[in-house]
Amino acid sequence: MSISKIPVATLGVPRIGRRRELKFALESYWSGKLPVADLLDAAKKLRAASWTEQRDRGVTKIPSNDFSLYDHVLDIAVMVGAIPETYGWSGGDVALDTYFAMARGSHGTADHEGCSHANHGHGVPALEMTKWFDTNYHYMVPELSANQAFTLTSTKPLDEFLEAKALDIHTRPVILGPVTFLKLAKCSGTTFDRMALLPKLLPVYGALLRKLKQAGADWVQIDEPCLVLDLDRTERNAVELAYQHFATDIPDLKIMLATYFGALGDNLDLALGLPVAGLHIDLVRAPHQLEPVARLARHDQVLSLGLIDGRNVWRADLPAILDRIKPSIAGWPLNRIEIASSCSFLHVPVDLELETALDPDLKPWLAFAAQKMDELVVLGRALSEGRSAVAEELHASAEAVASRASSSKVHSPLVEGRVSAIDESMMHRQVAFAERQSQQAAKLGLPRFPTTTIGSFPQTPEVRKARASHARGELSYVDYETFLKKETETAIRWQEEIGLDVLVHGEFERNDMVQYFGEQLSGFAFTKHAWVQSYGSRYVRPPIIFGDVARPHPMTVAWWQYAQSLTDKRVKGMITGPVTILNWSFVRDDLARSQVCRQIALAIRDEVVDLEAAGAAMIQIDEAALREGLPLRQSEWKTYLDWAVECFRLASTGVNDATQIHTHMCYSEFNDIIDAIAAMDADVISIETSRSKMELLDAFKTYKYPNEIGPGVYDIHSPRVPKVAEMTELLQLARERLVDAQIWINPDCGLKTRKWEEVRPALVNMVEAARQFRAAM
């Protein structure tokens, strides 16, 4: 690959390895099978491979410190000493197992490094986790106190810069900016202005930046994605203070200030006025901002153009990109232009070439991280050498775009016609919730505070092995189905034994809550190796929605019927909702997301109606990702929420009044979307509340939310097993916010990722907590 004379930059790349090497190393370490030295060596090899590949593909601004063993926000929290007292840190180096305790919680047993946590006999919970802006990636939420002290506990960015330097690769270190860090953190104890901590935080950042400069770093990328959010005056002042401090404290270090996920908007003047050497803007999410930025920015700055999508998998239309940007950058010196990804490639798979079984018509339409690097280099060369230097690559790009636009695999007149026929009557239940509630109570006959789970049970090594054997043709369909039925029956019998009130079939036949449905819907494509990180060692392979969506046949009815035939207790039907399927997929970019979602909603509606006809009295339509699709600017929320709620209702309202519709939502600050949640009109909503100590219920209390709620009473993202007393304490906190008739008792989320040895005692404790709670009423 020829090197572009114009700098070509990635803002970050996938950390996980081509074959998920990081996942396997982490999980082996956590299980005690891998020594810490081997874990760190595996991480070092992944970093070296990443830097080398970028260099060899022609990337000239290669990031370092974009790697993390778990999460980059957690890395910063640990680096600046923002470690809550409960983790037992008393200064100095932070033990690796303290880091992982913050990420995953701790059982309280001795760990690999012999570190001692406060309350170690009972273990410690993990930090709260939530979505990184509007992506599918999760970050660990730092906890800060009003008297928080900061200190430089590690030099990870420096260490990795020197690590690359030893390989003769000069990198640009990446650091999450101090204002974004504070904005994403939460207050521990009394609420206070987190920006008030900035003067204490900046010296720590400054100490790190000086070390980087002394080690030979000429540029540092500081990410401040908060600049695409609605900022108040205090936050805007904090941005000015931070970068003026850096300019004064380390005047000869060049900072590339990186913004992404949206437009600078009303923060444009703020960003352009900062004393930084470079500014990166996202021109995929916000292409309209190029003209004003290019017109108003200082010509002594480097303007980094985020032209290649870091969040989706579609091949770029390179000639169209060049045509679009040419007028705006005509007056800019080429040595002040940088071609870059819109954001980090963290959010896309590693390499399309690993996919050997994709539809040959579809594959040329796609680009993963490796191919996107190539696209960046082509754009850089076209601008610096002229289009003739990359004529072949530009022609191939245009051909792929044209092929996709005209493909009959993409467009279905039948689906388009059905969407156009949607009317208002399809959006509403027949009667209001209060009347439905009485009908459902009479039909279901459940006790006070009914217990249930969110849907999935552990996907054990045996389940995964059987699925893989079946996929390879080594296990016949009949034998595979027999195995799955045995797992389902075992799960049903165990739920009956421990006394759960409402059962689930366990979802052993499902590889993923979105993929399972997408594989049975038209318009979806699937990969074998296109993994992306969700959090820690949790990776997912998002489906690719490439065409119009329809449901050719029932998807879940037979498995629900089988499970219900095994028991006299109610078994919930389990379906993933249309908004979640949309938000957890790579979505086509040639049709409005709202229209794609309506297509999916009609398909799910068909499934809900068929489940009810088969006898299901309770159907859960999970909308775990509804909030994460929320636009970053509040002025744009209403448009999104209107069509998202419309799609949920379209999927859920085709049933009779006595059929109880459940939904589940993950990691949401509910107070800002409570009107939309109420408008969904689900009979029961289950939510994740254990890490927040039921604080998330405050929104429902203030709103006087009338429908029923299952606030999670234990954190399924941690391996620790909570005690009965912990759960009853949480239930009491829930009762202070809700009326008794509203409350269900359930875990925070599905149990797919946990082990049975964790799940069994935890659910036994949950059922006992419910028994004690009822007895105390």
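Trainee: Buried means under 20% relative accessible area, and exposed means over 50%. With that settled, is Glu507 buried or exposed?

Mentor: Buried. This is a predicted model, and in it Glu507 has a relative accessible area of 9%, which is under 20%, so Glu507 counts as buried.

Trainee: And where does Glu507 lie?

Mentor: You'll find Glu507 in the loop that runs between β13 (502–503) and α18 (515–518).

Trainee: What about the phi of Glu507?

Mentor: Phi there is positive, about 60°, although Glu507 is not a glycine. For background, most residues other than glycine have a negative phi.

Trainee: Which residue other than glycine also has a positive phi, near 60°?

Mentor: Arg20, with phi near 60°. Look for Arg20 in the loop between β1 (8–9) and α1.

Trainee: What happens to phi just after α1?

Mentor: Gly32 comes there, and its phi is positive, about 85°.

Trainee: Staying with α1, which of its residues are buried?

Mentor: The helix covers residues 21–30, and its buried residues are Leu22, Lys23, Ala25, Leu26, Tyr29 and Trp30.

Trainee: Which residues is Arg510 in contact with, leaving aside neighbours within four places in sequence?

Mentor: Gln459, Arg467, His505, Tyr516, Phe517, Thr556, Met574 and Ile575.

Trainee: How far is the C-alpha atom of Arg510 from that of Tyr714?

Mentor: 23 Å, and the two residues are 204 apart along the chain.

Trainee: Is Ala613 exposed or buried?

Mentor: Exposed. Its relative accessibility is 68%, so Ala613 passes the over 50% cut-off.

Trainee: Zooming out, how many helices and strands are there?

Mentor: The protein has 26 helices and 23 strands. The radius of gyration is 26 Å, close to the 28 Å from the globule rule for 777 residues, so the protein is as compact as a globular protein of that length. The C-alpha trace spans about 75 × 65 × 55 Å along the principal axes.

Trainee: What share of the residues count as buried?

Mentor: 62% of the 777. As for the accessible surface, that comes to about 28,800 Å², with 52% belonging to carbon and sulfur atoms.

Trainee: What about contacts between residues at least 6 apart in sequence?

Mentor: Of those, 78% join residues at least 24 apart.

Trainee: How many positive and negative side chains?

Mentor: 84 positive and 101 negative, and the centres of the two sets lie 1 Å apart.

Trainee: Last one: what is the mean pLDDT?

Mentor: 94, with 97% of the residues at 70 or more. Over residues 109–121, though, the pLDDT is below 50, and that stretch has 34 contacts in the model beyond near neighbours in sequence. Where pLDDT is low, the predicted coordinates should not be read in detail.

Key
Residues are numbered from 1 along each chain as its sequence is written. This is a predicted model: local features need pLDDT of at least 70, side-chain atom pairs count only at pLDDT 80 or more; totals for chains, interfaces and linings use all residues. Side-chain values use heavy atoms; hydrogens and water are left out. Helices (H or I, at least four residues) and strands (E, at least two) are DSSP runs, numbered from the N terminus. The radius of gyration is taken over C-alpha atoms; the globule rule is 2.2 Å times the number of residues to the power 0.38. Buried means under 20% relative accessible area, exposed over 50%, partly exposed in between (1.4 Å probe, protein chains only). Contact means heavy atoms within 4.5 Å. Accessible areas come from the Shrake-Rupley method with a 1.4 Å probe; for residues, only the protein chains shown count as cover. Lys and Arg count as positive and Asp and Glu as negative; His and the chain ends are not counted. The place of a charge is taken as NZ of Lys, CZ of Arg, CG of Asp or CD of Glu. pLDDT is the predictor's confidence in each residue, from 0 to 100.
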